[in-house]
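Good morning, and thank you for coming. I would ask you to keep the sequence and the structure in view while I speak.

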Amino acid sequence: YVMSLDDTLKSFLASHNPAPPHRLGQRYNRSRFLPESGNTVVCPLDLSHPSHKAVLAIRQQLQQLPGAEALLFTPVSSLHMTVLDGVIDSRRIPDAWPPDTPLSAPISSVTSTVSNRLSDVAPPPPINMRVSYVSPGGLALQGATDADDAALRHWRDALSTAFGFRHATHDTYAFHMTLAYPVDWIPDSLAALWQQTLETMTKRLTIQTPVIPLAPPEFCIFNDMTHFEPVRALARPA
């Protein structure tokens, strides 16, 4: 199931959220990101490609919208599309941890083990992604073609085997580029404005940037959501 913009916008509105954002106080507070270490496979936003500026223009426009104080934006240098979530310090559970590694093992130990296994995973072909829609939290992404989608899903399966676990949401994972996390909820009085603006942003970005420029995939470690440090490049040699 792929969520629509309508569904996604509702998930950021006050009337649909009686409780505070579920990651508030764990991944971030109202003003900054908090320590939450782990590893992951990502394709960074290619900041050397001219069309990345269209993505940053969307980010800036989101920041200027009334109600944007409900969002905590990630740094430009950290922008990426996650290909596969690895382990995370706050999520030591069987479907998110290698079964041959103790749940108490340090992240660095898991990173070393997984990095070695990833050397046996064939790199994917170049995969192009396009925007499905812009939401308050960022860009919903999908393969530019059915073949791109299929290649990405196939590679996720191979990566999951290397990591040694498969998330319960593995097959339904929705690709995206997070630009911001909610620290509060957008007032319903602003819903129509946000809906109209997000639809306009989506149309403009689709025309300006039919393929979102992503750098080759990397296995990375992170201490929080502000920086993803490459451990191993996972692309085909040029």
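Which residues are buried in H5? They are Ala191, Trp194, Gln195, Thr197, Leu198, Met201, Thr202 and Leu205. Please bear in mind throughout that this is a predicted model.

Let me stay with this helix for a moment. An α-helix has 3.6 residues a turn, so residues three or four places apart point the same way. The buried residues of H5 pack against helix H1 (5–10), helix H2 (52–64) and strand E2 (71–73), and also against E4 and E5. As to length, the 18 residues of H5 should span 26 Å at 1.5 Å a residue; the end C-alpha atoms of H5 are 25 Å apart, which agrees.

Alanine 191 belongs to H5, whose residues are 191–208. Is alanine 191 buried or exposed? Its relative accessible area is 17%, and the cut-off for a buried residue is under 20%, so alanine 191 counts as buried. Apart from neighbours within four places in sequence, alanine 191 is in contact with Leu9 and Leu13. Asparagine 29, by comparison, is 162 residues from alanine 191 in sequence, and their C-alpha atoms are 24 Å apart in space.

I turn now to helix H4, residues 146–163. Its 18 residues should span 26 Å at 1.5 Å a residue, and the end C-alpha atoms are 26 Å apart, which agrees. The buried residues of H4 include Asp148, Trp155, Arg156 and Phe163. What covers the buried residues of H4? The cover includes helix H3 (107–118) and several strands, among them E1 (38–44), E3 (80–88) and E8 (218–222). Strands E4 (129–135) and E5 (138–143) are also part of that cover. Just after H4 comes glycine 164, which takes a positive phi of about 90°.

Next, consider the loop between E2 and E3, where threonine 74 lies. Valine 76 has its place in the loop between E2 and E3 as well. Threonine 74 is buried, with a relative accessible area of 4%, whereas valine 76 counts as partly exposed, at 28% relative accessibility. Leaving aside neighbours within four places in sequence, threonine 74 is in contact with residues including Phe33, Arg59, Thr178, Tyr181 and Met225. Valine 76, not counting residues up to four places away in sequence, touches Leu47, Leu56 and Arg59. Of these, leucine 56 is 20 residues from valine 76 in sequence, with 7.6 Å between the two C-alpha atoms.

Finally, let us step back to the whole protein. How many helices and strands are there? There are 5 helices and 9 strands, and along the sequence they follow the pattern α-β-α-β-β-α-β-β-α-β-β-α-β-β. For 238 residues, a compact globule would have a radius of gyration near 18 Å; the protein has 18 Å, which agrees. The C-alpha atoms fill a box of roughly 50 × 40 × 30 Å along the principal axes. Of the 238 residues, 49% are buried. Among contacts with a separation of 6 or more, 75% come from residues 24 or more positions apart.

As for the surface, the protein exposes about 11,500 Å², of which carbon and sulfur atoms supply 56%. The side chains include 18 positive and 21 negative ones, and the centres of the two sets lie 2 Å apart.

How values were computed: Residues are numbered from 1 along each chain as its sequence is written. This is a predicted model: local features need pLDDT of at least 70, side-chain atom pairs count only at pLDDT 80 or more; totals for chains, interfaces and linings use all residues. Side-chain values use heavy atoms; hydrogens and water are left out. Helices (H or I, at least four residues) and strands (E, at least two) are DSSP runs, numbered from the N terminus. The radius of gyration is taken over C-alpha atoms; the globule rule is 2.2 Å times the number of residues to the power 0.38. Buried means under 20% relative accessible area, exposed over 50%, partly exposed in between (1.4 Å probe, protein chains only). Contact means heavy atoms within 4.5 Å. Accessible areas come from the Shrake-Rupley method with a 1.4 Å probe; for residues, only the protein chains shown count as cover. Lys and Arg count as positive and Asp and Glu as negative; His and the chain ends are not counted. The place of a charge is taken as NZ of Lys, CZ of Arg, CG of Asp or CD of Glu. The expected span of a helix is 1.5 Å times one less than its number of residues.
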